[in-house]
Structures are given as C-alpha cells and as structure tokens.
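Good morning, and thank you for coming.

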Amino acid sequence: MAKYYCILFDADNTLLNFDAAESKALAETLVNYGIEPDAETVQTYRTINEELWRQLEKGQIKREKLMAERFTRFLKAVDAAGDGVEMNRFYLEQLSTHPDLMGPEVLDVLRELSEVATLAVVTNGFQKVQTRRLAESGILNFMEDVFVSEKMDAEKPNRKIFDAALRALGVENREHVLMVGDGLSSDIQGGANAGLDTCWYNPDHAENPGKVVPTYEIADLKELYPLVMEQEELANVGLKNRRHQC
C-alpha cells in the first residue's frame with residue numbers, strides 16, 4: 001500500500017491560478033469604479049491586501065475586518081471616493097467568475113491521483129468564491145470534499161481547519177496524509193501544525209528562508225506520483241478505467 005492514501009491540496013496558486021484570477025477581477029473592479037488599473041494602482045491594492053491576509057493568518061484580525069478594510073484602505077491610499085465594503089463585494093463576485101487553472105496538466109494529475117488516493121481541498125478564502133471556482137475549473141470532480149476557511153471558521157496555518165477536514169473525511173492515521181501547497185507559512189506550517197507530512201509546490205524554484213521546512217519539495221504536480229503511488233500504480237499512469245479499492 002502506498003504511504004499516502006489521503007492528499008490535501010491548497011487551492012490558490014497550487015491548483016487554481018489565483019494571480020491570474022485576481023488580476024482579471026481587480027481590473028474589472030477598478031474599471032467599474034472609474035479607477036485606472038495601472039501597475040502602480042494594482043500594486044497598491046496587493047500590498048494592502050497581502051498585509052491584511054498575513055494578519056489574518058496570524059490571528060491578529062478577523063475575517064470581517066479584512067473584507068471591510070482592504071478596499072477602504074485602498075481607496076484612501078489612491079485618494080479615490082467610494083464604498084470599500086461594496087467594492088469588496090463586487091470584487092469577490094468578479095473573482096468567483098475566473099476559474100483559471102495553474103496549468104493544463106492539473107486535471108490530468110488529479111485524475112491519476114484520485115485513482116489511488118482520497119483527495120480534498122483545504123483552502124483559505126471565501127466559501128462562495130472558492131467553491132464556484134473549483135467547480136467551474138473541473139477540480140471539484142476529483143475531490144471528496146472541500147474545506148474553506150470561511151465556513152470552517154479557521155484559517156491555515158491553524159490546525160483546527162485540518163483537524164475538522166480529517167474528521168469529516170474519516171481519516172484517523174495522519175501518517176498516511178500529505179498536505180500539498182505553495183504557501184510555506186500557511187500550507188506547510190499548517191500541515192506541520194496538524195502533524196502531517198507536507199509537500200511544498202514551488203514551480204518558480206523560490207528560495208526557502210528555512211524557517212518552515214517541508215517534507216518534500218516539487219516544481220511540477222506530476223512529481224507527486226512517485227510520492228503517492230506504488231510501483232505497479234506508477235506503471236498504470238495514463239491507463240483508463242481503473243479505480244482504487246478502499
């Protein structure tokens with residue numbers, strides 16, 4: 001039996017291309033509010049948003065504060081009029097319409113892995129946005145379940161969201177669970193907090209500052225195959241009409 005029979009995936013910038021979706025949704029939002037979406041303006045928003053998300057992941061602010069404040073602070077920073085809460089609502093609606101995949105191979109990889117393991121998503125974000133994007137991208141077809149921080153009332157790296165996910169999936173032995181994600185401070189630290197092996201998805205070969213050390217590091221999702229599959233299963237990659245036996 002393969003070492004891992006349950007794989008938890010991060011969504012954004014692991015399976016879904018959040019950067020692409022954010023760029024589109026933000027441009028649509030700014031244009032709707034009469035603001036030119038030039039590079040400097042977009043970077044102003046991203047700096048504010050990333051700082052608030054860091055605070056949220058550290059438990060320093062609540063989710064409601066992030067939603068209320070990110071566009072309010074942004075409007076003030078660019079000296080523009082508007083309602084930040086309403087602007088945030090519009091942005092989330094636009095974001096939910098962009099189910100960009102990280103690459104064309106994502107669904108093939110999930111299809112192969114779903115033959116030999118139970119797959120689920122554990123993601124920070126907003127329930128309506130994430131579930132729609134996962135469904136419309138085709139990712140949901142291969143997932144046993146999806147656990148979104150807004151609904152679970154806990155953000156990665158808090159182990160609470162992992163504990164709840166594993167309970168819901170009926171998984172007791174954590175030695176057979178692998179957490180895969182691009183975020184060292186959220187996915188990898190969160191998986192470690194929950195006593196899980198972790199796999200850092202690092203397609204850009206970014207340098208690891210060393211504070212958080214993953215069990216594995218990959219640059220391509222296909223590199224999960226030898227981590228998860230037995231030799232005979234590896235030999236069957238690409239074959240049709242095969243199912244794993246629970």
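Cys199 is buried, at 0% relative accessibility; buried means under 20% relative accessible area, exposed over 50%, and partly exposed in between, with a 1.4 Å probe and protein chains only. Please note that this is a predicted model, in which local features need pLDDT of at least 70 and side-chain atom pairs count only at pLDDT 80 or more, while totals for chains, interfaces and linings use all residues. Residues are numbered from 1 along each chain as its sequence is written, and side-chain values use heavy atoms, with hydrogens and water left out.

Does Cys199 have a partner, or what keeps it apart? The closest cysteine sulfur to that of Cys199 belongs to Cys6 and is 14 Å away, too far for a bond. Cys6 is buried as well, with a relative accessible area of 1%. The search of the whole structure finds eight aromatic pairs; rings of Phe, Tyr and Trp (its six-membered ring) pair if their centres lie within 6.5 Å, and planes under 30 degrees apart count as stacked, over 60 as edge-to-face and the rest as tilted. One of these is the edge-to-face pair of Tyr33 and Phe90, at 6.0 Å centre to centre and 85 degrees between the planes. Tyr33 is partly exposed at 26% relative accessibility, and Phe90 is partly exposed at 23%. Tyr45 and Phe71 form a stacked pair, with 4.8 Å between centres and 25 degrees between the planes. Both Tyr45 and Phe71 are buried. Together with Phe74 and Tyr91, they form one aromatic cluster.

Notes. Disulfide = S-S within 2.5 Å.
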